[in-house]
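Here are some quick notes on this one, for when you have it open in your viewer. Have a look first, then go through the points below.

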Amino acid sequence: QVQLVESGGGLVQPGGSLRLSCAASGTIFSINAMGWYRQAPGTQRELVATITSGGSTNYADSMKGRFTISRDNAKNTVYLQMNSLKPEDTAVYYCYVIISFLGDYWGKGTLVTVSS
């Protein structure tokens, strides 16, 4: 069984920063890609950022220049550094992992609230 453990969410003031982590554990041969999605109340889940095993990244336009995705392959962990946070960034952030031979997995989500 594969488990994804997200951490780092919480309350932050506008303009502040937050760093999310997602660690994958279990029976894992290799991870092809990892990423982050988010969903605010009343909205569809949207892409935040993804990173492949080779290090290629892509970001949603609204996050470019503010968010940075990275990974530690040895730890099977993906990170999302979020800077210059805005109230509209408030959402549940979900970790997403594509694991070789097993398929894709979603984390339970971690809540990020940007408010003064």
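Predicted model: local features only at pLDDT ≥ 70, side-chain atom pairs only at ≥ 80, totals over all residues.

**Notes on the model**

1. Leaving aside residues up to four places away in sequence, Leu80 touches Leu18, Arg19, Leu20, Trp36, Val48, Ala49, Phe67, Thr68, Ile69 and Tyr93.

2. Leu80 also belongs to the largest nonpolar core, which has 30 residues; Trp36, Leu80, Met82 and Tyr93 touch the most other members. Strands supplying at least two residues each include β3 (18-25), β4 (31-39) and β8 (77-82). The top contributor is β9, with 5 residues.

3. Now the open sheet: 4 strands in the order β1-β3-β8-β7, with antiparallel pairing. β1 (3-7) and β7 sit at the edges with a single partner strand each, so one side of each has no neighbour in the sheet. On average, neighbouring strands here are turned by 15° against each other, direction ignored.

4. Between β7 and β8 there are 6 bridges. Asp72, for instance, has Thr77 in β8 as its bridge partner.

5. The whole structure has 4 salt bridges. Asp89 pairs with Arg38, closest N and O atoms 2.9 Å apart. That links the loop between β8 and β9 to strand β4, 51 residues apart. Both residues, Asp89 and Arg38, are buried.

6. Asp89 also forms a salt bridge with Arg66, at 2.8 Å between the closest N and O atoms. Arg66 is in the loop between β6 (57-59) and β7, so this pair ties together parts 23 residues apart in sequence. Through shared partners, Arg38, Glu46, Arg66 and Asp89 join into one network.

7. For contrast, look at Asp61 and Lys64: their salt bridge has its closest N and O atoms 3.1 Å apart, and both residues are exposed.

Methods:
Residues numbered from 1 in each chain as written. Heavy atoms only, no water. Core = buried A, V, L, I, M, F, W, Y, C linked by side-chain atoms within 4.5 Å. Buried < 20%, exposed > 50% of the residue type's maximum accessible area, 1.4 Å probe, protein only. Contact = heavy atoms within 4.5 Å. Pairing = 2+ DSSP bridges. Axes fitted to C-alpha atoms, helices over the stretch in contact; angles between N-to-C directions. Salt bridge = Lys/Arg side-chain N within 4 Å of Asp/Glu carboxyl O.
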